[in-house]
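Biologist: I am new to this structure. Can you walk me through how to read it, one feature at a time?

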Amino acid sequence: MSEIIDCTDDAGRAEGLARAHEAITAQQCIVLPTDTVYGIGADAFSPQAVATLLAAKGRGRTMPPPVLVARPEVLDGLATEVPQQARDLAAAFWPGPLTLILRAQPSLTWDLGETHGTVALRMPDDRIALDLLGLTGPLAVSSANRTGHPAASTAAEAQEQLGDAVGLYLDGGSRGENVPSTIVDCTGEGFVVVRVGALSVDRLREVVPDITDGTDTSDADGSEQDSSETGAASDHA
């Protein structure tokens with residue numbers, strides 16, 4: 001049976017963090033609050049745990065989960081050839097609702113799915129999430145819902161969708177507006193917004209003026225362009 005631990009006070013948070021750390025170490029999945037929506041998390045360096053995460057969501061390897069980190073300094077450990085403007089975005093909006101798609105360090109022995117040599121990184125602005133990441137290291141975290149269904153804004157909503165596929169749910173209260181992170185692809189010659197979430201394109205342009213809004217799927221004659229990249233990003237926390 002799955003269990004929800006109330007982490008809204010100090011005692012509950014301490015118990016929840018300890019239990020979640022044990023579960024992550026045992027290559028199990030947990031549900032945790034972030035500053036955007038609730039996420040399902042697993043050890044990013046455990047292929048077994050990541051496979052369990054994908055199965056719980058009902059998704060395949062073609063939709064790899066992003067990775068949450070506790071500190072901006074982790075960027076260079078997980079990504080390579082990090083552009084200065086990506087560092088500028090992280091400095092401006094981390095911790096916060098910004099996910100950066102970067103080129104993954106080729107030496108890392110992880111398997112997040114069919115990433116094509118990239119990794120999506122974010123530092124959440126949530127005390128429970130950051131405390132857990134400080135204990136576990138980087139976690140593969142996707143929104144805590146079945147693929148194609150609305151993201152969960154409470155631990156109870158996450159449990160309704162994921163059930164016993166996840167043994168432990170950390171309850172940090174409601175996530176409010178339930179708006180996911182904004183995702184920026186930093187791997188090309190120019191930066192492209194592939195999903196607009198809690199951060200607007202205008203705010204991003206205050207840091208990177210020439211960033212492109214790739215979420216506009218209409219071409220010059222009004223027909224629809226391929227939006228598969230945006231769709232693949234839709235379940236990110």
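Biologist: Let us start with two helices. Which residues in α1 meet which residues in α5?

Modeller: From α1, the residues are D10, R13, L17, A20, H21 and I24. They meet R127, I128, D131, L132, L135 and T136 in α5. Keep in mind that this is a predicted model.

Biologist: How many residues of each class does that contact have?

Modeller: The contact of α1 with α5 has 6 nonpolar, 2 polar and 4 charged residues.

Biologist: Now the geometry. At what angle do α1 and α5 pack, and how far apart are their axes?

Modeller: Helix α1 covers residues 10-25, and helix α5 covers residues 127-136. They pack at an angle of about 40°, and their axes are 10 Å apart.

Biologist: What word describes the way α1 and α5 lie to each other, and why?

Modeller: Angles under 35 degrees count as roughly parallel, and 65 to 115 as roughly perpendicular. The angle here is about 40°, so α1 and α5 are oblique to each other.

Biologist: Is the crossing of α1 and α5 left-handed or right-handed?

Modeller: Right-handed, as α1 passes α5.

Biologist: On to strands. What should I know about side chains in a strand?

Modeller: In a regular strand, side chains alternate between the two faces of the sheet. Now take β8, residues 139-143.

Biologist: Is β8 largely enclosed or largely open, and why?

Modeller: Buried means under 20% relative accessible area. In β8, 5 of the 5 residues are buried, so the strand is largely enclosed by the rest of the structure.

Biologist: How many bridges join β3 to β8, and which way do these strands run?

Modeller: Strand β3, residues 38-43, is joined to β8 by 5 bridges, and the two run antiparallel.

Biologist: Next is β6. How many of its residues are buried?

Modeller: The count is 6 of 7, so β6 is mostly covered.

Biologist: In which sense do β6 and β10 pair?

Modeller: They pair in the parallel sense, over 4 bridges. Strand β10 covers residues 182-185. T99 has I183 in β10 as its bridge partner.

Biologist: Which way do β5 and β7 run against β6?

Modeller: β5, residues 79-80, runs antiparallel to β6, with 2 bridges. β7 also runs antiparallel to β6, with 4 bridges. Look at R103 in β6: it is the bridge partner of T80, and it stands opposite T118 in β7.

Biologist: Now the backbone in the loops. Where is P95, and is the peptide bond from W94 to P95 cis or trans?

Modeller: P95 is in the loop between α4 and β6. The bond from W94 to P95 is cis, with omega near -10°.

Biologist: What is phi of Q27, and where does this residue lie?

Modeller: Phi of Q27 is near 65°, a positive value in a residue other than glycine. Q27 lies in the loop between α1 and β2. Its relative accessibility is 32%, so Q27 counts as partly exposed.

Biologist: And H116: is it buried or exposed?

Modeller: H116 is exposed, because its relative accessible area is 74% and the cut-off is over 50%. H116 is in the loop between β6 and β7. H116 is not a glycine, yet its phi is positive, about 55°.

Methods: Residues are numbered from 1 along each chain as its sequence is written. This is a predicted model: local features need pLDDT of at least 70, side-chain atom pairs count only at pLDDT 80 or more; totals for chains, interfaces and linings use all residues. Side-chain values use heavy atoms; hydrogens and water are left out. Buried means under 20% relative accessible area, exposed over 50%, partly exposed in between (1.4 Å probe, protein chains only). Two strands pair if DSSP finds at least two bridges between them. Axes are lines fitted to C-alpha atoms, for helices over the stretch in contact, and angles run from 0 to 180 degrees between N-to-C directions. Angles under 35 degrees count as roughly parallel, over 145 as roughly antiparallel, 65 to 115 as roughly perpendicular and the rest as oblique. A crossing is left-handed if the near helix is turned anticlockwise from the far one by less than a right angle, and right-handed if clockwise. Contact means heavy atoms within 4.5 Å. Ala, Val, Leu, Ile, Met, Phe, Trp, Tyr, Cys and Pro count as nonpolar, Asp, Glu, Lys and Arg as charged, and the others, Gly among them, as polar.
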